[in-house]
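This report looks at how one chain is put together and how it meets its partner. Please keep the sequence and the model at hand while reading.

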Amino acid sequence: MNALPPERIAAPAARQSPARLALRRFLRHRLAVAGLIVVVLFVLGAALAPLIATADPNATSWSAIRRAPSATYFFGTDENGRDVFSRVIWGARASLAAGFLSVAVALFIGVPIGLLAGLAGGWVDALISRIADAMLSVPFLILAIALAAFLGPALENAMIAIAISASPVFVRLARGMALEAKATDWVEAARALGNPPWRLGLVHVLPNIIPPLLVQATLSIAEAIIAEASLSFLGLGQQPPAPSWGSMLNSAQRFLTQAPWLAIFPGLAIFLVVLAFNLVGDGLRDALDPRSEKR
Amino acid sequence: MLRWLARRFAQIIPTLIVLSVLIFGLQQLMPGDPALILAGEERGDPMVLAQIRAELRLDRPLPEQYLNWIGNVLVGDFGFSWRIREPVAKLILQKLPVTFQLASMAFIIAVLIGVPAGILSATRRDTPTDWIANGIALFGISMPNFWLGIMMILLFSVELGWLPPSGYVSLTEDFWESIATTIMPAFVLGTGVAGVLMRHTRAAMLGALAQDYVRTARAKGVAERVVVWKHALRNALIPVVTLGTIEFGRLLAGAVLTEQIFTIPGFGKLIVDAVFNRDYPVVQGVVLATALIFVALSLVADLLYMAVNPRMRQA
């Protein structure tokens, strides 16, 4: 039997870190990259809203009521003569803020509690798990509506409501992963060395569960954006006259026959940004977890 | 089987107790005094405020309020609407059949689209059929259903004039008219679930088609059609049945916005109207009822799983 040439013995894949490999797998996923580009464009649009918007989003105008889309008004004007294009651009702020912030809060609430449940076990785990079960037994949107209703209508309250409603998913995910990690040799070894439980959770378990958390967080952002739009549509989120895609759709409904463009553009914005986050989430899942790659 | 049921109930009961505490606790989030809200113009009159507090037992300590509330809930008394002046349980029972009709139709549409699309894309994996089916699923999952609803009204009611844009006729009143008023909202409501079902059916079918018994069947020369429809599909559908039952519960939540857009007087419209009227007992009642339906559905899902999967019966 011939000896292998040296370059085949040193496997080239071994030199790359898992993160690099994941990045490469992600970049190969064309739809996911397209999704990421759309997300970046929306984030830039929201950040640079004052520069991109062609008009003051709240400036009403008697002479420009319900104008159809044109070169002056890209997306037309609404029932108060406000420029829809500028309102859609500014509205991205409310939607993206709700998406990112509420999921960030949900992570901050859910992950430590889930890790605690998984690592502590016993009655702590039982109590936390029952609370998470109870919250998950109320459908996400209904829980968010109820919380927002009791907190009062405001964008901040809508975000709090969404964050709380989204957190049990992370509790469950972190708990499950902590249980799985607890059974592994490296955590066992760390425990044998006398590490306290908080250190086990923070240093040894958390870094290993980041990939599934990242995937879930991306998909949760998509859900949170829909939830914010839904709450604003119902009047429980962003309050008028501040622009938000959901509340724009609500008022558009009254002028469907006369001014259909009012309903088309804000909805299209929600759809595109949610689609983009879902694409990124799917791509991340395939890239970060080789096991789940399409069979 | 009995042991399993006992264990399942041992898990459900604490969950329900925690749930009741959480729903009762919602009230505490309210900024300000409910008595002031209810008194309205008479808020300056301490007599009125005292009367409201006594009537609603707001002057009692919290644990007592909770025990009183949960005691009533257990005998089917979900409280009394502040605004409509009717028992909350009665209002819910009145609206539930409407939403149930809508959700059932949506579910049928979702199954009719999602399951065949999933099978097709699994059997024709990596072909244009697969890509199109995946694209449609992603579309269904990402589409905010209230926007889809508005767009469909724009097309089918405003432009084409085929279907009524809003309103509801009950099944007993006029069957076909009832279908005409609910078909569009049901489709809107069903698209998201169709996408989820398609993805799960596809994954389950791919899993089943990779099994040894499928290879054996093919090796024996069984026709591909029989392999797919009889050998693989029957096994692949087991998880899909469980998931489908739970997805039915999600339709109830989706109905909130769909009913709002098509002005259908169901469960979802009830909670939204209650939110605007600050009719908090109704909000609490609807949340509690949805959670109970959801818990019941997940129990049904488990039982169905046992029914369709003989291996589970010994457990």
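An automatic or database domain assignment divides chain B into domain 1 (2–74) and domain 2 (98–314), and the C-alpha centres of these two domains lie 34 Å apart. Contact here means heavy atoms within 4.5 Å, and it takes 14 residues from domain 1 of chain B and 13 residues from domain 2 of chain B. This is a predicted model, in which local features need pLDDT of at least 70 and side-chain atom pairs count only at pLDDT 80 or more, whereas totals for chains, interfaces and linings use all residues. Residues are numbered from 1 along each chain as its sequence is written, chains are lettered from A and ligands numbered from 1 in the order in which they are written, and side-chain values use heavy atoms, with hydrogens and water left out.

**Between the domains of chain B**

Buried area is the accessible area (1.4 Å probe) that two parts lose on being put together, summed over both. For domain 1 and domain 2 of chain B it comes to about 1300 Å², with 80% on carbon and sulfur atoms. W4(B), R8(B) and I23(B) supply 37% of the area that domain 1 of chain B buries against domain 2 of chain B, more than any other three residues. R8(B) also joins D302(B) in a salt bridge, a term that requires a side-chain nitrogen of Lys or Arg within 4 Å of a carboxyl oxygen of Asp or Glu; the rule finds one such bridge across this domain interface.

**Between chain B and chain A**

Here 49 residues of chain B are in contact with 43 residues of chain A, and the area buried between the two chains is about 4100 Å², of which carbon and sulfur atoms give 79%. F146(B), W147(B) and I150(B) supply 14% of the area that chain B buries against chain A, more than any other three residues. The rule finds one salt bridge across this interface as well, formed by R199(B) and D282(A).

| Salt bridge | N to O distance |
|---|---|
| R8(B) and D302(B) | 2.5 Å |
| R199(B) and D282(A) | 2.7 Å |

**Transmembrane annotation**

An unreviewed UniProt entry places the feature "transmembrane region" at several stretches of chain B, including residues 100–120 and 178–198; such annotations may be inferred rather than shown by experiment. In the model, residues 100–120 of chain B are 100% helix, with end C-alpha atoms 30 Å apart, and residues 178–198 of chain B are likewise 100% helix, with end C-alpha atoms 28 Å apart. Helices (H or I, at least four residues) are DSSP runs.

Note on methods:
Helix = DSSP H or I, 4+ residues; strand = E, 2+ residues; numbered from the N terminus.
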